[in-house]
Amino acid sequence: MAGYRKGEAEAYDLLGEAHRVLGMFDVASEHSARAVSLAVAIGAREEEAQVRMHLGVAQLQQGDLIGAQQSLEASLRLAKALGRQREARDVHEQMVLLHERGGAYDLALAHCKEQHRLDRQLLNETLNQHTQSLLIQHDVESHRQLNAQLQRSNQELALLYEQNQELLTCVQHQMLHDPLTGLPNRSRFELCLADALAAAEASGLALAVMFIDLDGFKKINDTLGHDAGDDLLVQVAARFTALMHPDDLVARLSGDEFVAFVGALKGPFKATTAAQRFLRALDDPFEVRGQAVSVSASIGVSVYPDDGQDIGTLQRCADEAMYRVKRSGKSAMLFYSAS
């Protein structure tokens, strides 16, 4: 009876894989879930680990991220408990895709590193097995084959390492940059601002932090649609980026809010010129969906070291100055003043 149910579970698993290949993810999930239930009922833990991973893949392709995570995590626990390193490696690969799709890049990075570690371990085990097998033979042909296998293995390992490095670089970039405009995000901005403050302290020069909020963006977004709004933000980001010098950085916080710092200023009054560059960058209309549209900006400025000497204080002061501009008529810049 157990053998029959095991065969039934395997049949459902194969049906699930076939429907997944055909793009019928709902049906694939149903068959895979049935295979899981049968494997659990007969205590076939190895088969359960495998079909749970297949179920997670089907759920991921179906867009059921929560279900996919539950299935893949259960498969990973079973694979680890059974010592099935190859199956664990395959689950980690799927978890990378899952967390990338869900925007959890830190978790994707962790699973990517674990996948890389298992890849190296499995490759070394394969290498050792081939080496031991070939060393049993003592003729010249055996040594030639061994050298060829070692070369191929080294090439595979080098390629695998390069692919994983590319993936790590991609994930790290996504964690520190805005996906729409390509500008640095808040995390990247604050890391760079910390370095810029240290350089300003060492050089004795000033540094300005600017909070920039677009005026009139909501009206464009509401009348022309969110796609048009996104297009406008990309164009604004490109104009702001063109203003940057080596000691400057502009980032997107969220929506139509940007933040920038301008370094190596020989006095606070130089920050005025820098802020006016941002205002002038918006003078010319933008072409969005075949229409000419215009926006301006409200800019609040705080200056190191006069207004603050740490990231939090400088950002708070610049933000407060920006809201004062909003309340007083917009389309202007204003320095922070405690009074």
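The following legends describe close-up views of one predicted model.

View 1. The chain exposes about 17800 Å², of which carbon and sulfur atoms supply 51%. Among contacts between residues at least 6 apart in sequence, 64% join residues at least 24 apart.

**View 2. Helix α9 against helix α10.** Two packed helices are described by the angle between their axes and the distance between the axes. Here the axes of α9, residues 217-224, and α10, residues 226-242, come within 6 Å and cross at roughly 140°. That angle makes α9 oblique to α10, because only values over 145 degrees would count as roughly antiparallel.

**View 3. Residues at the contact of α9 with α10.** From α9, the residues F217, I220, N221 and L224 take part, and they meet H226, A228, G229, L232 and L233 of α10. By class, the residues of this contact divide into 6 nonpolar and 3 polar, with no charged residue.

View 4. D248 lies in strand β2, which spans residues 248-254. Is D248 buried or exposed? Its relative accessibility is 8%, so D248 counts as buried, the cut-off for buried being under 20%. The side chain of D248 reaches the backbone nitrogen of G263 at 3.2 Å. Leaving aside neighbours within four places in sequence, D248 is in contact with L243, F261, V262, G263 and R277.

Note on methods
Residues are numbered from 1 along each chain as its sequence is written. This is a predicted model: local features need pLDDT of at least 70, side-chain atom pairs count only at pLDDT 80 or more; totals for chains, interfaces and linings use all residues. Side-chain values use heavy atoms; hydrogens and water are left out. Axes are lines fitted to C-alpha atoms, for helices over the stretch in contact, and angles run from 0 to 180 degrees between N-to-C directions. Helices (H or I, at least four residues) and strands (E, at least two) are DSSP runs, numbered from the N terminus. Angles under 35 degrees count as roughly parallel, over 145 as roughly antiparallel, 65 to 115 as roughly perpendicular and the rest as oblique. Contact means heavy atoms within 4.5 Å. Ala, Val, Leu, Ile, Met, Phe, Trp, Tyr, Cys and Pro count as nonpolar, Asp, Glu, Lys and Arg as charged, and the others, Gly among them, as polar. Accessible areas come from the Shrake-Rupley method with a 1.4 Å probe; for residues, only the protein chains shown count as cover. Buried means under 20% relative accessible area, exposed over 50%, partly exposed in between (1.4 Å probe, protein chains only). A polar contact is a pair of N or O atoms within 3.5 Å; within protein, one must be able to donate a hydrogen and the other to accept it, and residues adjacent in sequence count only if both atoms are side-chain atoms.
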